[in-house]
Amino acid sequence: MSIFTKLAQQIFASADENGNARTISEQEVGVWGTELERFVGLFVSGDGLIYSSVAALNADLAHSANSMAWVLGDATAANNGIYGKVGASGVGSWTRRGDLPFSFIIAVDSGAGTPNAIQATSALPVSASSLVLMNIADTNTGSPVTVSFNGGAALTVKTNSGNNPATGGLVSGMIVLGVVSGSTFRLLNDQVSSAIVAAAEAAAAAAQAAANNQMTFDTVAALNGATVPSAVTAVRTSGYSGTSGKGGANYRLKAAPEANMPGDQTSNGGTKRWEIADQQLRPEMFGAVADFNEVNYTGTDNATSLNIFHSALKAFRRPGFVSGLFLTSNLALIVNAVFMLRGTDRGVSGYVFKATATAGVDISQTDFNFPTLIYDVGFYTLGQEQVTPLSVRYSAADSIGNRTVPRCLIANISTRGWDIYKHGPKVGLYTKNIHANSMTEIRATGRRDLTIPTGIGSISGTTLTVSSVNAGTGSLAVGQSLTGTGIITGTRITALGTGSGGAGTYVVNVGQTAASTFFSAYDHRKSLGFMDAGIVLDSDSGFASIPGDIELSACQVFHAKVGFKALGENEGLTFNNVKAIGTWIGIGVVNDTLRPNVNVFGSHFNVFDAAISLVKAPQSVVSDNLIYKYVGSDGTTIAVDLDSCDESQVDGNTLINSCADARASGAFHGVRVKDSIGCIIDVLNHERGSISVWLTGSTQLCRIGMIVQLSQYANETLVAEVVDDTAGINFVGGRFVGVANSSAVTVTSGGTTVLSFVTPTDVRKGQRYRVSGQITLNKGGTGGPTAITFLQTNIGAAGAASVAFHQSVSALKGRIDPQAAGTEGLINFEGEMTILTSGTLALALQAVSVGSNANVATGDCQLTVSKL
């Protein structure tokens, strides 16, 4: 049974099952989108499982029959999909049940096939349930044309009306949208018309070439100065200002009263106007020159030409193509444009902003009717935190009024300084009020300063006296750490004395005596924190703007105060396989009001302050991430910081400390939960950590599972699996204690005998334990009662914890009353124990025998204490 009332293949078909022409029903589209959103929502809210590969899925069988899981990110596209568990927990297998419910899939034709046998690849398997967006690498030279997705069977490309596209109908650089229909790939746009137009244009061009006697002009200036015969209605230029082919374009004669369009040219003394007829526009057609010199950073300032190019993209509603690097100063704001921009590759094509530029490519759209598609383009700067190279904004009303419609796709772009050791953007990529925003393989890099001042100095007490600083190595500053012979690890400059960067005195944080020595001063955190943020997801405050369903996949940020920054009112954010390296904060989400569901899966962080910091983001999931404390850290690092994030889950994360000494590098805490209710923290591997789980504020009813602390962090004075500063009840579980008597014990008559005990251990408020025991006793020659008691033995001692047993009793008890002489008796007991206050806990199992002694053989007294 399908989870959808109708599949996309049926909804977007141009004809019904009887072959009758039909139009697309907006009502059916709305139902389909709502069902898709509901399905994804149910999956997420139902603790759905997500794995990055089939191998990882098959390695985890600890789930009950019919459990559902997604595979997202497997290198083999066909392996990605929805799987169901076969067999009981711990056994069985996973079976693929269907495709992932994505509304559209991006396929890439990289030219690996032939013009008439296209081979395309996609990150997700292509099926009849999704729309497919695909570029055309090479113009087809024949018909029919086939396409194979991810090495699968060849599908015959059909137009919307079911015919084969004509030769030349699929033009290099164009974007097609279609669905898989049986053994065909059916285009949603009418390629018959496009093919006829292409064929007609080719025939017209041939006829016109004969009519105008091959009237091709070397430059637009030559066209402007020409007198074109009245019979000629189409001309061509070989170039804009030269014959190199750069900027060459086809033009059609305009008839009055057609409006002027960007890039129009004139001839015949200005009496004839010519409009660009090419379906793909290039900056060179409008006078831009891709002559940026990568060595001395010089070239033509293309601001005027690029502004005209952008105006043409808007006016013609055609895609733009960028090849090469265009130097530019400030660019004009782009308002309400169907903006489609593609490059050859983000590393070799794009815009380079001059050092003085403060306005980059800034796009402001009213609503989803103006989609934004940008991919394979680089955005660079020669300045230092002066410009945001790319910004995309929509109105506040659009993000809540049209939630089912994708409107922004940004993929495979780079935004950075041209030389990252000299240049860098203020913000890598800025977005605002964009619902259903999809960003893939975006790489944002901030400036990095490797300057490390060196000099000669000595320390007496907390005064550093610097006799000299080596020229060209930089200046001393507050916050820098010092290394050198005799200087204590962790010494930092905390204030200026008589020195202000060079020779003079400075105040340090650690009192000591160090003779005059060569020293180095560095501040890793500052040297990597020039860019404010790599990618910003902003929104207006209040209910008017609540963008959601935002997904960032395989995006990377290097060197920034915040890697991924979300502000205002964002919900339904997914960060999948992202990286934030050398950032103060990896992911920082700060909502103005409670907005649910931030998901961070399979990602990598190397940070100073916090890897993942969420504020007012309930029902969030942080799973299967690798988090490092940056090697140059000199302050406290928190791997996952949750503030007002009720019912969130942190599971399966590994935390690694790259620093060796807490005195120099600061604490490394695992998960801090503040003012949150009902969170779950489980399977946390913490290497050289401080506090692994820290509960604070009004946090309550949280459950802590398995915490594994690996190796010791030198000079760290606060090391704990769990610290609970709250007044509420939280539950800590995961440990197991089992003891049995290692030798025979005689329970003497007339006294109390200790059968077994639990070594004193630290426990935390809120922990709950299951206690059970079984004792076999052999009575001597005189019968009488035999009784056992399980109790706390350090009540009232300094630092002792306090406990309550089930039903608030002070101890657990069991007895045989009476036990006959010469008989073997068995006493069982069990109950629960709750820790009321943190401290040290000592427990013992005691026995009393009335009449004769009772003997307990080796191993016959068994006690189990397991944490719930």
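**Close-up views of a predicted model**

**View 1. Arg252, Lys254, Glu258, Asp264, Arg273 and Glu275 are linked in a network of salt bridges.** A salt bridge here is a side-chain nitrogen of Lys or Arg within 4 Å of a carboxyl oxygen of Asp or Glu. This is a predicted model: local features need pLDDT of at least 70, side-chain atom pairs count only at pLDDT 80 or more, and totals for chains, interfaces and linings use all residues. Residues are numbered from 1 along each chain as its sequence is written, and side-chain values use heavy atoms, with hydrogens and water left out. Aspartate 264 is buried, at 12% relative accessibility. Arginine 273 is partly exposed, with a relative accessible area of 29%. Buried means under 20% relative accessible area, exposed over 50%, and partly exposed in between (1.4 Å probe, protein chains only). The salt-bridge count comes to 20.

**View 2. Glutamate 385 and arginine 447 form a salt bridge.** The closest N and O atoms are 2.9 Å apart. Glutamate 385 sits in the loop between strand S24 (378–381) and strand S25 (390–394), and arginine 447 in the loop between strand S30 (443–445) and strand S31 (454–469), so the pair ties together parts that are 62 residues apart in sequence. Strands (E, at least two residues) and helices (H or I, at least four) are DSSP runs, numbered from the N terminus. Both glutamate 385 and arginine 447 are buried.

**View 3. Arginine 595 meets glutamate 569 in a salt bridge.** The N to O distance is 2.9 Å. This pair links distant parts of the chain, 26 residues apart. Arginine 595 is in the loop between strand S39 (579–591) and strand S40 (598–601). Glutamate 569 is in the loop between strand S37 (556–568) and strand S38 (571–576). Arginine 595 is buried, and so is glutamate 569.

**View 4. Serine 553 lies in strand S36 (residues 548–553).** Its relative accessibility is 18%, so serine 553 counts as buried. Leaving aside neighbours within four places in sequence, serine 553 is in contact (heavy atoms within 4.5 Å) with Met439, Thr440, Glu441 and Asn576.

**View 5. Leucine 450 is placed in the loop between S30 and S31.** Leucine 450 is partly exposed, with a relative accessible area of 48%. From leucine 450 to lysine 422, the C-alpha to C-alpha distance is 10.0 Å. The two residues are 28 apart in sequence.

**View 6. Cysteine 645 is in no disulfide.** A disulfide is counted as a pair of cysteine sulfur atoms within 2.5 Å. By that rule, the model has zero disulfides. For cysteine 645, the nearest cysteine sulfur is that of cysteine 679, 6.9 Å away. Cysteine 645 is buried, at 0% relative accessibility. Cysteine 659 also counts as buried, at 2%.

**View 7. Ile677, Leu701 and Ile729 form a nonpolar patch on the surface.** Together they have about 240 Å² of accessible area, from the Shrake-Rupley method with a 1.4 Å probe; for residues, only the protein chains shown count as cover. Patches are made of residues with over 30% relative accessible area and no salt bridge; like charges are joined within 9 Å, nonpolar side chains (Val, Leu, Ile, Met, Phe, Trp, Tyr) within 5 Å. Leucine 701 lies in the loop between strand S48 (691–696) and strand S49 (703–704). With a relative accessible area of 45%, leucine 701 is partly exposed.
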